[in-house]
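Trainee: I would like to go through this fold with you, strand by strand and then by side chain. Could we begin once it is on the screen?

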Amino acid sequence: MVRRIDVTGAGGVRLAAWEFADPPKSDPGRAGPAATRAGGARAGGIERTPGVLLLHGLMGRASHWAPTARWLSERHRAVALDQRGHGQSEKPPETEYTRGAYVEDAEAALEELGLAPAVLIGHAMGALTAWQLAARRPDLVCGLVICDMRASALGAASQREWEEWFKSWPVPFATLADVRKWFGEDDPWVERPNPSRGEFYAEVMAESEDGWRPVFEAEQMLKSRETWVYDAHWEELTQVQCPALVVRGLDGELGRAESQEMVRVLPNGQYAEVAEAGHLVHYDQPDAWRAAVEPFLDETLR
C-alpha cells in the first residue's frame with residue numbers, strides 16, 4: 001500500500017509525501033502526528049516504528065525510491081518525499097529554490113509526519129539536504145545514508161555543462177520508448193548503454209499534447225543546483241553527530257578518495273561501495289544497494 005500525505009513546506013509550498021505500507025498505530029491519547037516518536041522508542045506505552053525519510057536527487061521523484069521503500073517498510077516506517085519543484089509537489093515559479101528551503105522542507109516533513117528521530121536516506125542533492133539537516137537539527141536525525149553526493153565545490157564550469165545539457169534534450173519526446181533510448185543510449189553523457197538510466201528518466205516524464213515532457217522545469221532545476229555547486233560542504237559534514245554511511249557506485253560521480261575523506265571528517269562515518277553501479281546506485285543495482293545499506297540500518301535502528 002502507498003498513500004499520499006500532503007506536507008506544508010517552507011513558505012507554504014505544498015509537498016507530496018508517499019508512505020509505503022500501512023502506517024503504525026498511533027496513541028489516541030497523544031496530540032497528533034507531530035507528537036509521535038520514531039526510532040523504535042516507546043511513547044505513551046506504544047512501541048513506535050523506526051522512521052526513514054527518503055530524499056531523491058535533482059530531477060528525481062519519490063517513486064524512484066519505491067523498491068527501497070518497500071523493503072524498508074517491512075521493519076520501518078518508510079516515507080519518500082517529492083521535493084519542491086519535483087514529482088507531484090508544487091512548482092510555483094516565484095518560489096525559492098535555495099538550500100535553506102530544501103532543508104526546511106525536509107525538516108517540516110519529519111515534524112509533520114511524526115517520523116523523528118529518523119534515518120535520512122538521500123541520493124545526490126537529497127543527500128546534501130539530508131546531511132545539512134542532520135547538522136542543523138541533530139534532534140530530528142538518528143542516522144544518515146549519503147548516496148553518491150560530493151562534498152567538494154563543483155564550480156561554474158559544471159553549471160555551464162548542465163545548462164548546455166538541458167538544451168540538448170530533444171523535447172518533446174514522441175514516445176516513452178524514445179525517452180528510454182535517448183537517456184539510456186543517445187545522450188552524449190552516456191558512455192555505454194544504460195537501460196536503468198533510461199527507465200529513471202522515463203519516470204519523470206508526463207504526456208502533453210505534443211509529446212512527453214519532464215514534470216519539472218529545467219530552469220528551476222538549474223536554480224536549485226546553482227545554490228550548491230559553487231560551495232564546498234565539508235564543514236557541515238563535521239557537524240553531523242549521528243552515525244552516517246557514505247555509499248558510492250564504482251562508476252558514479254563520487255570518487256573513492258573523496259568519499260573516504262568524507263567518511264574521515266564525519267564524526268561517526270562508515271563507507272560502502274556498490275560494484276557495477278553508476279550515479280543512480282539504488283536504481284542501477286537495487287539488490288547490491290540493499291546489501292550495502294541494510295546492515296547499517298539494522299545497527300542504527302536496533
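Trainee: In which sense do strand S2 and S6 pair, and over how many bridges?

Mentor: Please keep in mind that this is a predicted model. Strand S2 (residues 14-20) pairs with S6 in the antiparallel sense, over 5 bridges. Within that pairing, alanine 17 has leucine 81 of S6 as its bridge partner.

Trainee: And strand S5, in which sense does that pair with S6?

Mentor: Strand S5 (residues 51-55) and S6 pair in the parallel sense, again with a count of 5 bridges. Here leucine 55 has leucine 81 as its bridge partner in S6. The chain passes from S5 through helix H1 (residues 66-72) to S6, a β-α-β crossover that is right-handed.

Trainee: How many residues of strand S6 are buried?

Mentor: Of the 6 residues of strand S6 (residues 77-82), 6 are buried, so the strand is largely enclosed by the rest of the structure.

Trainee: How do strand S7 and strand S8 pair?

Mentor: Strand S7 (residues 118-123) and strand S8 (residues 141-147) pair in the parallel sense over 6 bridges. Glycine 122 has isoleucine 146 in S8 as its bridge partner.

Trainee: Turning to side chains, is tryptophan 131 buried or exposed?

Mentor: Tryptophan 131 counts as buried because its relative accessibility is 0%, which is under the 20% cut-off. The residue is in helix H3 (residues 125-136). Its contacts beyond four places in sequence include Leu144, Ile146, His233, Val240 and Met262. Tryptophan 131 and threonine 238 are 9.8 Å apart in space, C-alpha to C-alpha, although 107 residues separate them in sequence.

Trainee: And where does serine 89 lie?

Mentor: Serine 89 lies in the loop between S6 and helix H2 (99-112). It is buried, with a relative accessible area of 3%. Not counting residues up to four places away in sequence, serine 89 touches Arg14, Leu15, Ala16, Asp82, Gln83 and Arg84.

Trainee: How many aromatic pairs does the structure hold?

Mentor: There are 18 aromatic pairs. In one of them, the rings of tryptophan 162 and tryptophan 165 have centres 5.2 Å apart and planes at 80°, so this pair is edge-to-face. Both residues lie in helix H4 (residues 155-168), 3 residues apart, or about one turn of the helix, and both are buried.

Trainee: What is the geometry between tryptophan 162 and tryptophan 189?

Mentor: Tryptophan 162 and tryptophan 189 are also an edge-to-face pair, with 5.6 Å centre to centre and 75° between the planes. This pair links distant parts of the chain, 27 residues apart: tryptophan 162 is in helix H4, and tryptophan 189 is in the loop between helix H5 (176-186) and helix H6 (195-202). Tryptophan 162 has a relative accessibility of 14% and counts as buried, whereas tryptophan 189 is partly exposed at 39%. Both belong to one aromatic cluster whose members include Phe166, Trp182, Tyr201 and Tyr283.

Trainee: Last topic: how many disulfides does the structure hold?

Mentor: It holds 0 disulfides. For cysteine 142, the nearest cysteine sulfur is that of cysteine 242, 7.2 Å away.

Note on methods: Residues are numbered from 1 along each chain as its sequence is written. This is a predicted model: local features need pLDDT of at least 70, side-chain atom pairs count only at pLDDT 80 or more; totals for chains, interfaces and linings use all residues. Side-chain values use heavy atoms; hydrogens and water are left out. Rings of Phe, Tyr and Trp (its six-membered ring) pair if their centres lie within 6.5 Å; planes under 30 degrees apart count as stacked, over 60 as edge-to-face and the rest as tilted. Helices (H or I, at least four residues) and strands (E, at least two) are DSSP runs, numbered from the N terminus. Buried means under 20% relative accessible area, exposed over 50%, partly exposed in between (1.4 Å probe, protein chains only). Two strands pair if DSSP finds at least two bridges between them. A crossover is right-handed if, with the strands pointing away from the viewer, the path from the first strand over the helix to the second runs clockwise. Contact means heavy atoms within 4.5 Å. A disulfide is a pair of cysteine sulfur atoms within 2.5 Å.
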